[in-house]
Amino acid sequence: MTPKKKVLLVEDHAVTRVGVKHVVNASNDFEVVGEAEHSSQITGLLLETKPDFVLLDLRVPGENVLNMVKDWKKDLPQLKVVTLTMLDEQPIVHSAIEAGVDGYLLKSDDLSSLTKNLNEIASGKTVYSKNLKLSFNRKPQDGKVANKKEKQILTLLGHGKTYQEIGTEIGLSKRTVEYHVGRLKDRFNAKTVAELIGRAKEQMLI
């Protein structure tokens with residue numbers, strides 16, 4: 001008999017966690033081997049349980065989990081990361097795809113299809129919820145997803161760094177950082193840095 005594939009379930013709502021765990025464990029192919037309800041618990045559980053899948057709610061407390069995905073995959077190259085979330089906004093979906101997720105599933109999907117989708121992902125496919133309305137031929141929301149340099153600036157702004165500190169860290173002049181921040185404010189329709197950071201966090205860019 002083929003061993004069941006191991007799943008780490010990341011979900012902070014207990015009722016949802018119980019329901020998803022029941023569906024996964026009832027299948028012939030998968031079993032939940034660990035549960036996390038805060039981002040700080042995930043890395044330790046990954047190293048301890050060495051799962052085949054992470055089933056990931058994007059809004060767990062703590063650090064933005066999408067910022068952690070690349071590190072997980074670097075440490076565990078065979079790991080499949082699959083979202084199970086209520087968030088269906090295009091900027092967030094695109095951020096997840098850029099982070100390297102192997103599937104984007106929604107909590108509004110029929111839960112009975114979960115293990116079928118996991119099996120497809122295990123076979124090498126990338127699976128998206130049928131309830132997502134995606135456009136892959138353009139940047140979402142008029143280019144609001146930042147390029148790599150702007151994403152660095154957004155992240156450092158979110159950490160409370162000054163323009164001068166940001167410039168020193170990424171090799172730009174203070175004036176150039178100010179220019180990039182001005183462009184970002186226009187793109188996100190934000191009047192202040194605080195508003196810019198808030199909107200970037202809403203889109204899970206930082």
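**Cavities, a pocket and contacts**

Modeller: Gladly! The largest cavity is lined by Leu84, Leu105, Leu106, Asp109, Asp110, Leu111, Ser113, Leu114 and Asn117. This is a predicted model, where local features need pLDDT of at least 70 and side-chain atom pairs count only at pLDDT 80 or more, while totals for chains, interfaces and linings use all residues. Residues are numbered from 1 along each chain as its sequence is written, and side-chain values use heavy atoms, with hydrogens and water left out.

Colleague: Which elements give two or more residues to the lining of the largest cavity?

Modeller: A cavity is a set of points on a 1 Å grid over the protein atoms alone where a 1.4 Å probe fits but cannot get out, and lining residues have an atom within 4 Å of a point. Helices (H or I, at least four residues) and strands (E, at least two) are DSSP runs, numbered from the N terminus. On that basis, the elements are strand E5 (103–106) and H5.

Colleague: What is the volume of the second largest cavity?

Modeller: Thr43, Leu46, Leu47, Trp72, Asp75 and Leu76 line the second largest cavity, with H2 giving the largest share, three residues. A volume is the space filled by probe spheres set on the grid points, which are joined across faces, edges and corners. For the second largest cavity, that comes to about 40 Å³.

Colleague: Which element gives the largest share of the lining of the second largest pocket?

Modeller: A pocket is an open set with protein on both sides within 12 Å along at least five of seven lines. The second largest pocket holds about 170 Å³ of space, and its lining includes Lys116, Asn117 and Glu120. The largest share, three residues, comes from H5.

Colleague: How are H7 and H8 oriented to each other?

Modeller: The axes of helix H7 (residues 163–170) and helix H8 (residues 174–188) come within 8 Å and cross at roughly 105 degrees. Axes are lines fitted to C-alpha atoms, for helices over the stretch in contact, with angles from 0 to 180 degrees between N-to-C directions. Angles of 65 to 115 degrees count as roughly perpendicular. H7 and H8 are therefore roughly perpendicular.

Colleague: What kind of aromatic pair do Phe30 and Phe53 form?

Modeller: Rings of Phe, Tyr and Trp (its six-membered ring) pair if their centres lie within 6.5 Å, and planes over 60 degrees apart count as edge-to-face. The count by this rule is one aromatic pair. With 5.6 Å centre to centre and 85 degrees between the planes, Phe30 and Phe53 are edge-to-face.

Methods
Angles under 35 degrees count as roughly parallel, over 145 as roughly antiparallel, 65 to 115 as roughly perpendicular and the rest as oblique. Rings of Phe, Tyr and Trp (its six-membered ring) pair if their centres lie within 6.5 Å; planes under 30 degrees apart count as stacked, over 60 as edge-to-face and the rest as tilted.
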